[in-house]
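Visitor: Could you show me how to read side-chain packing in a model?
Guide: Gladly; let us look at it together.

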Amino acid sequence: MIIVKMNETTVECSIAASELHEIGLTPEAVINGAENTTSFFAQLNKEVGQQLGYDPETEVMMMSKNMMMDGSVRIFAVKMSNEDIQKATDRIRGAAETILRTLTQERVDEIKNKTGRDKGVALNEVITNVTETINKIYGRDTEMEHGFHDGYASYQPLSEYAKYMMEFESFDEAKRFSKVVQRLPIVDSSLYKFKDHYYMFAGLMSADEGIIYEMRRAGVEYSQMLTVNTAEAMIIQEHGDCVIAEDAIIHLSDLMR
């Protein structure tokens, strides 16, 4: 299982179908929350809770389970405080009020009274407006920081571009990692040194599940820490020493030849 802390409130967990079969489970059982998955989720809750500093007395842990095309399971865990809960309910309430204003009986009667192509256009307009309003419940907010909105990032489709940060204890470890991922669609990369550790920043441009998995597998295997789109990256870049400003993956890979 690969567990990636995406920010201070969100953790992403990916587990292959073969791994589930090894422990006597199936992807379908995990998705449906079958009775025999109780111990699996108990252990997952424990590991995720430790990473997020989860307090069960004052916070809520929400999970989103998705089955991928290859049979693997991706689970997003989001820690929500009372403030997050209030924000979530405010967004849902606002969306519900907007939908009610959109779907007045007067508006429905207008659609019914239209004829031909105009009827279809009017109905499609209403459906589109309602769909967009519902999507905004989980969508991005104008006040988002570092690419995530508190409590909602895990429910958005993965964008094609994601900024990864890997921490290495030595320069050689950074070289080995670069050699492994050099053929992935990494569009920008740089290397920094901060407090005797090296930090690789790599922008991956892909929505392909297999490529994303390979990137994260390599990060977990070859680095001490892997994060995605986190505020810590800005701190390292601001206070660390830039070792390789551009195309760090390419330059480090060349050193391995």
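**Packing around F177**

Guide: Leaving out neighbours within four places in sequence, F177 is in contact (heavy atoms within 4.5 Å) with M166, F168, M200, M215, A218, G219, Y222 and I249. This is a predicted model, where local features need pLDDT of at least 70, side-chain atom pairs count only at pLDDT 80 or more, and totals for chains, interfaces and linings use all residues. Residues are numbered from 1 along each chain as its sequence is written, and side-chain values use heavy atoms, with hydrogens and water left out.

Visitor: Which residues touch the most other members of the largest nonpolar core?
Guide: A nonpolar core is a set of buried (under 20% relative accessible area, 1.4 Å probe, protein chains only) Ala, Val, Leu, Ile, Met, Phe, Trp, Tyr and Cys residues joined through side-chain atoms within 4.5 Å. Here the largest has 25 residues, and Y164, M166, F177, M200 and M215 touch the most other members. Apart from this core lies another of 16 residues, among them V11, C13, L20 and A77.

Visitor: How many aromatic pairs are there in the whole structure?
Guide: A pair of aromatic rings is described by the distance of the centres and the angle of the planes. Rings of Phe, Tyr and Trp (its six-membered ring) pair if their centres lie within 6.5 Å; planes under 30 degrees apart count as stacked, over 60 as edge-to-face and the rest as tilted. The search finds five pairs. One of them, Y192 with F201, is edge-to-face, at 5.5 Å centre to centre and 90 degrees between the planes. Both Y192 and F201 are buried.

Definitions and conventions: Buried means under 20% relative accessible area, exposed over 50%, partly exposed in between (1.4 Å probe, protein chains only).
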